[in-house]
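Please consult the sequence and the structure shown below. A short briefing on selected sites follows.

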Amino acid sequence: MTMTTTTAPTTAMPNALTSGKMPKYSPLWLLAGAFALSIAIFAVVDAAGGESFNWAGMAVLAVVLFCVLIWVISRLVEGGRKATDRLVTALVSSAFAIALVPLISVTYTVIVKGVARFDLSFFTESMRNVVGAGGGALHAIVGTLLITGMATLISVPIGLLTAIYLVEYGRGRLARGVTFFVDVMTGIPSIVAGLFAFALFALVFDDPGIRFGFGGAVALSVLMIPVVVRSSEEMLKLVPNELREASLALGVPKYLTVLKVVLPTSIAGIITGVMISIARVIGETAPLLIIAGFTASMNYNLFAERMMTLPVFVYNQYASQGTDAQAYLDRAWTGALTLILIVALLNIIARLVAKFLAPKGLR
Amino acid sequence: MTTTVAAPAITAKERPGDRVFSKLTVVASSLILAVLAAVAIFLVAQSMPAFVAESDDFKGDATNFWSYVGPLVFGTVWSAALAMIFAVPLTIGVALFITHFAPRRIAQGLGYVVDLLAAVPSVVFGLWGIGVLAPALQPYYANLTEWFGWFPLFAGPVSGTGRTILTVAIVLAVMVLPIITAISREVFLQTPRLHEEAALALGATRWEMIRMAVLPFGRPGVISGAMLGLGRALGETMAVAMVLSPATIVSFALVQSQNPTTIAANIALNFPEAHDVGVNILIATGLILFVITLGVNSIARYIVGRRKAFSGAN
């Protein structure tokens with residue numbers, strides 16, 4: 001009876017698990033407060049100076065304010081260790097936000113500036129005899145498709161067979177060497193690949209000013225092969241050994257095991273890897289600038305004459321602006337938009353292929 | 001009297017298909033080695049005339065090949081180093097955010113978002129750098145020289161266009177960001193779960209856990225990722241060629257209109273008009289670039305190679 005009267009009411013007891021801690025959503029409120037304060041400061045300052053509102057400065061000030069505030073408040077409420085933790089959380093999150101800024105800015109700019117010439121004539125006309133406004137990039141789009149297609153035709157068989165060698169056959173020194181040099185090859189600067197193709201064909205054909213589409217395809221292959229090898233190798237390694245053993249135990253020859261069991265199992269991943277490698281080389285400018293050159297006319301022949309490609313088109317429109325500079329800049333931005341759309345499309349197809357072609361049970 | 005007769009080893013009958021197929025894969029693999037060797041051989045072969053070229057074959061006031069390539073090497077290394085100063089701390093932050101701070105459900109999506117940066121072609125970055133970034137940064141550069149002009153790095157006169165090596169370094173940092181982030185992310189995720197949980201169980205805060213368990217474990221991965229990014233930054237062509245307003249000088253100043261240019265940008269800008277021995281000179285500078293990036297990448301691969309589980313190319 002007396003016991004109940006002596007015990008203090010539990011509500012007065014601080015909860016040991018939450019005492020000395022900031023409420024759960026307090027950082028979000030602090031962030032909102034920091035932004036509000038920063039907007040107010042900049043609104044006053046910019047209005048006083050008669051300038052337009054400075055969004056970048058406002059965001060920077062808000063983030064700095066937030067970092068200082070959360071550190072000080074947390075230090076007072078929760079102590080030093082927790083304050084450091086909160087400060088690091090704030091810094092790491094803002095690092096991610098900073099990384100997003102260029103992505104958003106690039107996407108926004110390309111879309112806004114690219115739609116100006118995103119019309120029918122851009123995709124149906126070349127630049128032949130065009131000075132000033134008008135014209136299109138059909139010759140560049142055709143060139144890009146031809147050269148990248150040829151590069152794919154060269155790279156995929158070599159890359160895939162090498163991956164098969166590394167996973168199914170390769171032991172010993174050759175395999176180790178190939179693995180190492182494939183890694184090294186991923187690091188070849190694209191312009192060096194272009195110079196290589198130029199040096200090779202200039203010597204072979206004894207033509208010191210050689211420019212043609214096939215050379216561009218060779219240069220792109222140098223960049224593409226290591227990516228194909230790496231991604232295919234990873235995919236082939238994912239195939240369970242039990243499948244190979246079951247097939248061999250049934251008396252199937254090894255090459256048929258590879259062709260009929262291993263490859264079909266991993267084909268989705270391999271196609272994805274190939275698509276992504278195409279997306280990677282289709283935007284390459286430097287090697288094509290060197291070996292494929294630039295032209296204003298259509299050229300369907302990979303083995304003769306200069307051939308325009310979309311990235312080089314973008315660069316060329318920007319670099320040699322005529323008297324009507326805006327028309328050239330518009331074409332450059334629309335070219336950039338087209339290029340980004342192609343790359344995005346390839347990436348999306350790659351993801352879809354990975355999703356729908358994946359063997360049952362691995363999905 | 002049981003003499004153990006060695007059981008005859010059963011060898012499968014070798015089918016012609018087997019022989020052809022395995023030979024085919026060997027040929028393909030050897031072809032890759034041959035291509036790499038060919039790259040080196042043809043570059044060297046075409047570079048030879050440059051090393052003995054006369055002084056009036058060079059653009060500018062260079063007297064021989066080495067005095068011509070010197071400022072270019074400086075510009076290449078300097079711009080790449082600046083880019084790494086921006087990129088490395090940022091990428092560590094981004095990778096940590098994706099692996100340890102972001103809500104679990106959206107973390108993978110955020111990873112894809114950063115990977116999107118890698119999908120943007122370099123020529124688009126160049127266009128963006130000159131059309132958006134340089135004009136946006138120019139007023140800040142003006143302030144920088146005004147306030148910190150006494151510091152040699154920020155010495156004036158300020159560039160009027162913003163097409164300086166600092167802008168280039170920022171563009172390069174954006175371009176290498178997805179590469180370094182991808183590798184750092186992978187190694188941070190590979191931290192043994194038990195190490196992390198042990199640290200947390202002992203009462204460490206999240207940052208203390210990261211400092212004690214994740215960062216020491218991930219350090220080699222971050223270093224090799226940074227080296228791969230450095231290789232990319234050294235060889236990047238179009239963004240530099242478009243954004244930078246170039247000169248053949250050796251200067252540490254960050255925001256002036258006279259900037260040291262890079263090997264790759266110099267080739268891209270001069271190759272279309274080059275002729276005779278001028279072509280050989282440019283190819284020779286490309287050879288120098290090839291050697292530099294080869295060295296950087298080999299070191300990176302060596303560091304990665306000691307830890308087999310991850311590799312930059314996937």
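**Briefing on two loop residues and one helix**

Asp206(A) lies in the loop of chain A between helix 8 (190-204) and helix 9 (213-238); helices are DSSP runs of H or I with at least four residues, and strands are runs of E with at least two, numbered from the N terminus. The model is predicted: local features need pLDDT of at least 70, side-chain atom pairs count only at pLDDT 80 or more, and totals for chains, interfaces and linings use all residues. Residues are numbered from 1 along each chain as its sequence is written, while chains are lettered from A and ligands numbered from 1 in the order in which they are written.

**Asp206(A)**
- Although Asp206(A) is not a glycine, its phi is positive, at about 50°.
- Asp206(A) is exposed because 8 other C-beta atoms lie within 10 Å (buried: 20 or more; exposed: 12 or fewer; partly exposed: in between; C-beta atoms are placed from the backbone).

**Ala116(A)**
- Ala116(A) belongs to the loop between helix 4 (80-114) and helix 5 (120-124) of chain A.
- With 16 other C-beta atoms within 10 Å, Ala116(A) is partly exposed.
- The C-alpha atoms of Ala116(A) and Val64(A) are separated by 38 Å, and the two residues are 52 residues apart along the chain.

**Helix 3 of chain B**
- Gly111(B), Val114(B) and Leu117(B) are buried in helix 3 (residues 104-119) of chain B.
- Seen down the axis, the buried residues of this helix fall within an arc of 100°, so they line one face; the arc is that of the directions from the helix axis to the C-beta atoms.
- Exposed residues on the other side of helix 3 of chain B include Arg105(B), Gln108(B) and Tyr112(B).
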